[in-house]
Amino acid sequence: NAALNFQLFFSVANHSLTVVEADAAYTKPYDTNVVLLAPGQTSNVLLTADQEISQYTMGVTIFSPAPEADVPFTTTPATAILK
């Protein structure tokens, strides 16, 4: 996570994610739809590709700070297409 000061939420539309590692330590696998990454954190996540072949949106956004916080960059979510 290169967001420096904020946590990031990551998700892939209509897919399940399984977290298997956090910060270079194995963890008991758990399923989720959204992964939260803190600044400097690493994680290994398995994507369950059990949907029909198509295009799916991946999205990431920061954990929104308080409205009065002086955020030095855009808080617009980023998206990409998974094929």
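**Close-up views of a predicted model**

**View 1. Threonine 32 and the residues around it.** Leaving aside neighbours within four places in sequence, threonine 32 is in contact with Ser16, Leu17 and Val19 (contact means heavy atoms within 4.5 Å). This is a predicted model, in which local features need pLDDT of at least 70 and side-chain atom pairs count only at pLDDT 80 or more, while totals for chains, interfaces and linings use all residues. Residues are numbered from 1 along each chain as its sequence is written, and side-chain values use heavy atoms, with hydrogens and water left out. Although leucine 17 and threonine 32 are 15 residues apart in sequence, their C-alpha atoms are 5.3 Å apart in space.

**View 2. The side chain of threonine 32.** Is threonine 32 buried or exposed? With a relative accessible area of 18%, threonine 32 is buried, because buried means under 20%, exposed over 50%, and partly exposed in between, with a 1.4 Å probe and protein chains only. Its side chain reaches the backbone oxygen of valine 34 at 2.9 Å.

**View 3. Glutamine 41 in its loop.** Look for glutamine 41 in the loop that links β4 (34–37) with β5 (43–48). Which backbone atom does its side chain reach? The side chain of glutamine 41 comes to 2.8 Å from the backbone nitrogen of alanine 38. Glutamine 41 is buried, because its relative accessible area is 19%.

View 4. Most residues other than glycine have a negative phi. Aspartate 23 has a positive phi of about 50° although it is not a glycine. Alanine 24 is another non-glycine residue with a positive phi, in this case near 65°. You will find aspartate 23 in the loop between β2 and β3, and alanine 24 in the loop between β2 and β3 as well. How accessible is aspartate 23? Aspartate 23 counts as partly exposed because its relative accessibility is 46%, whereas alanine 24, at 72%, is exposed.

View 5. Strands of a sheet pair through backbone hydrogen bonds, either parallel or antiparallel. Here three strands form an open sheet in the order β3-β2-β5, and their pairing is antiparallel. Why is one side of β3 and of β5 left without a neighbour in the sheet? Both strands stand at the edges and each has a single partner strand, so one side of each has no neighbour in the sheet. From one strand to the next, the twist averages 20°. Two strands pair if DSSP finds at least two bridges between them; β2 and β5 are joined by six. In one of these bridges, valine 19 has valine 45 of β5 as its partner.

**View 6. The four-stranded sheet.** Four strands make up another open sheet, with the order β4-β1-β6-β7 and antiparallel pairing. The average twist from one strand to the next is 20°. Strand β1 (residues 8–12) is joined to β4 by four bridges, and the two run antiparallel; serine 11 stands opposite valine 34 in β4. With strand β6 (residues 56–62), β1 makes an antiparallel pair over five bridges, where leucine 8 has isoleucine 62 of β6 as its bridge partner.

**View 7. The whole chain, for orientation.** How many helices and strands does the protein chain have? There are zero helices and seven strands. Of the 83 residues, 19% count as buried. Among contacts between residues at least 6 apart in sequence, 60% join residues at least 24 apart. The predictor's confidence in each residue is its pLDDT, from 0 to 100; the chain has a mean of 83, and 80% of its residues reach 70 or more.

Technical notes. A polar contact is a pair of N or O atoms within 3.5 Å; within protein, one must be able to donate a hydrogen and the other to accept it, and residues adjacent in sequence count only if both atoms are side-chain atoms. Axes are lines fitted to C-alpha atoms, for helices over the stretch in contact, and angles run from 0 to 180 degrees between N-to-C directions.
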